[in-house]
Amino acid sequence: MLLGLAAIAASWQGSALRAGAPEGSDLPSTVFLTAACCAFVIYVGALFVLRARGMHLAVVCAIAAAIQLVPLVGPLVISRDVYAYWAYGRLAAVHHVNPYTVSPEQYRNDPASKAMAAGWRSSKSVYGPVFSAASAGLAAGGGDSPKTQAVAYRVAGAVGMLTLTALAALVAPLPAFAAAFVGWNPLLAVDFAGGGHNDVWMMAFVLGALALAARRTRLAGVSFAVAGGLKWIVLGVLPLKLLSVNRRQALLMTLGFLVTSAAVAGIALFFFGTAWLTTLGTFAHRRSDWAIPSRLQQAGLPRWLAFVPLLVLLPLLVRSARAGRPRLGLASLGLLVATPWLLPWYAAWAVPLAAVEEDRLAWVLSLAFCAYILPDGIPL
C-alpha cells in the first residue's frame, strides 16, 4: 500500500511541477519536492522491511513495474533533454549534417530546435556515437511532433528501467532486494519514465555485461563497449571488473571489448569523422551547482578535494577486485563525487551497481547520494 502511494506521488509530483501557479508562488515546486521526499522515505523504509521480512521476487517486480510505469501518465518533468536528443537526431537524419560539428541553433526553425532548452541550442552533441545513431533512427521515423518524440523517449526510459530491474535480479546474490533497490526507486522513475534520459540504457548494457561475464565472457566485453558508445564515463568501472575475474576471462572480455570498440569507432569515423571524439572531454569543461566540486568551492574550499574520496578508495577497490569482489557501486559513487557536472539522473550510474553487490556501504552511500541529488532541478 505504501509503495502504491509512492507511485501515485511520483505521477502527481510531475503534474504539479508543470501545472503552473500564480505569479510569485512556489506552490507547484514545493508540492513536487514534498511528494518526492515522501516517496523516497517510503522507498527507503520499504527496503528495510524487505530485508527484514523478505518478499517473493514476482511481487517485488510487479510493484517495481507500477512505480516505473506510472509517471508515463503525467507530463515531461525536470528537464527537456529528450528534445535535445531529438534535435541531434534530426541534424543527422533529416538535415544530413554532423551533430558533433553543427549545433541545433543553425536550424532554429526546426521543431526539435524550438522545443529544446534555449541554453543548449548552441551546443553540439555530447553523446557517444551509439546513442547518436539510435537518436538519428528515432528522428528519421518519428515525424515532427515534439509530444510524440517525448513520449517515445520516456517509454524507452521506462522500458529501460524495467530491463535494469530484471537484470539486477538476475545478477545479484539477493534477487528480490536488488530488484526493489532499483525498481522501487522513485527518483529513477521520475528521471526516466518522467524525463526520458538515456543513462538507463547505458546501465542496462553494463548490467547485461555483468550477467554475461560468467558464461559468455566475450559478449560481456561487447556489452561494455556498447555501453561506452552511449556514454564513455561508464568505462571507468571496467578495469575493476577485469581485475576481479581470472586471466582467461579477462582476456576474453578484453577481446570482445576491443573488437566491438574498434567496430563502433570505425563506423563513427565513417559517419561523423573525428569530431565525435570531443565527447571524451565532455565533463572536463562543464560545471553544475550540485556537483561536489562546486559545493566545495561555494564553501570556500578547493575543488580538488572532491577527488580525495576516489583516490582514497582506489587502493581498496583494486585490492578488493583482485580478491574477486570488484565493488563497482563504490567505484561509481567515487566518480559521481569527483565529476564537475552532476545531474539527478546520474544516480542511475551507482544505484544498479550497488544493488547487485552484497555491499552495505555501497547501499547506504547510494541511497544518501539519491537523497542529496533529489531536489536538483526543482525550481524552488
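Modeller: Two packed helices are described by the angle between their axes and the distance between the axes. Here the axes of helix H16 (residues 328-338) and helix H18 (residues 360-373) come within 9 Å and cross at roughly 30°. Axes are lines fitted to C-alpha atoms, for helices over the stretch in contact, with angles from 0 to 180 degrees between N-to-C directions. Helices are DSSP runs of H or I with at least four residues, numbered from the N terminus.

Biologist: What should I know about the source and the numbering?

Modeller: This is a predicted model, in which local features need pLDDT of at least 70 and side-chain atom pairs count only at pLDDT 80 or more, while totals for chains, interfaces and linings use all residues. Residues are numbered from 1 along each chain as its sequence is written, and side-chain values use heavy atoms, with hydrogens and water left out.

Biologist: How are H16 and H18 oriented to each other?

Modeller: Angles under 35 degrees count as roughly parallel, over 145 as roughly antiparallel, 65 to 115 as roughly perpendicular and the rest as oblique. H16 and H18 are therefore roughly parallel. Their crossing is left-handed, meaning that the near helix is turned anticlockwise from the far one by less than a right angle; clockwise would be right-handed.

Biologist: Which residues make the contact of H16 with H18?

Modeller: Contact means heavy atoms within 4.5 Å. H16 contributes Gly329, Leu330, Leu333 and Leu336, and H18 contributes Leu361, Ala362, Leu365, Ser366 and Phe369. By class these are seven nonpolar, two polar and no charged. Ala, Val, Leu, Ile, Met, Phe, Trp, Tyr, Cys and Pro count as nonpolar, Asp, Glu, Lys and Arg as charged, and the others, Gly among them, as polar.

Biologist: How do H7 and H8 cross?

Modeller: The axes of H7 (residues 146-171) and H8 (residues 175-183) come within 7 Å and cross at roughly 155°. The two helices are therefore roughly antiparallel, and the crossing is right-handed. Met161, Leu164, Thr165, Ala168 and Ala169 of H7 meet Pro175, Ala178, Ala179, Val182 and Gly183 of H8. That contact has eight nonpolar, two polar and no charged residues.

Biologist: How is H17 covered?

Modeller: Buried means under 20% relative accessible area, exposed over 50% and partly exposed in between, with a 1.4 Å probe and protein chains only. In H17 (residues 347-355), nine of its nine residues are buried. The cover includes H7, H8, H9 (186-192), H10 (199-212), H16 and H18.

Biologist: Which residues touch the most other members of the largest nonpolar core?

Modeller: In soluble globular proteins, nonpolar side chains tend to be buried together. A nonpolar core is a set of buried Ala, Val, Leu, Ile, Met, Phe, Trp, Tyr and Cys residues joined through side-chain atoms within 4.5 Å. The largest one has 96 residues, and Phe181, Trp184 and Phe224 touch the most other members. A second, separate core of five residues includes Tyr100, Ala268, Phe272 and Trp276. Beyond four places in sequence, the contacts of Phe181 include Tyr43, Leu47, Val351 and Trp363.

Biologist: Is Asp376 buried or exposed?

Modeller: Asp376, in the segment after H18, is buried, with a relative accessible area of 11%. Leaving aside neighbours within four places in sequence, Asp376 contacts Trp290, Leu342, Leu343 and Pro344.

Biologist: Where is Leu235?

Modeller: Leu235 sits in the loop between H11 (217-230) and H12 (238-244). Leu235 counts as partly exposed, at 27% relative accessibility. Not counting residues up to four places away in sequence, Leu235 touches Phe224, Gly228 and Phe257.
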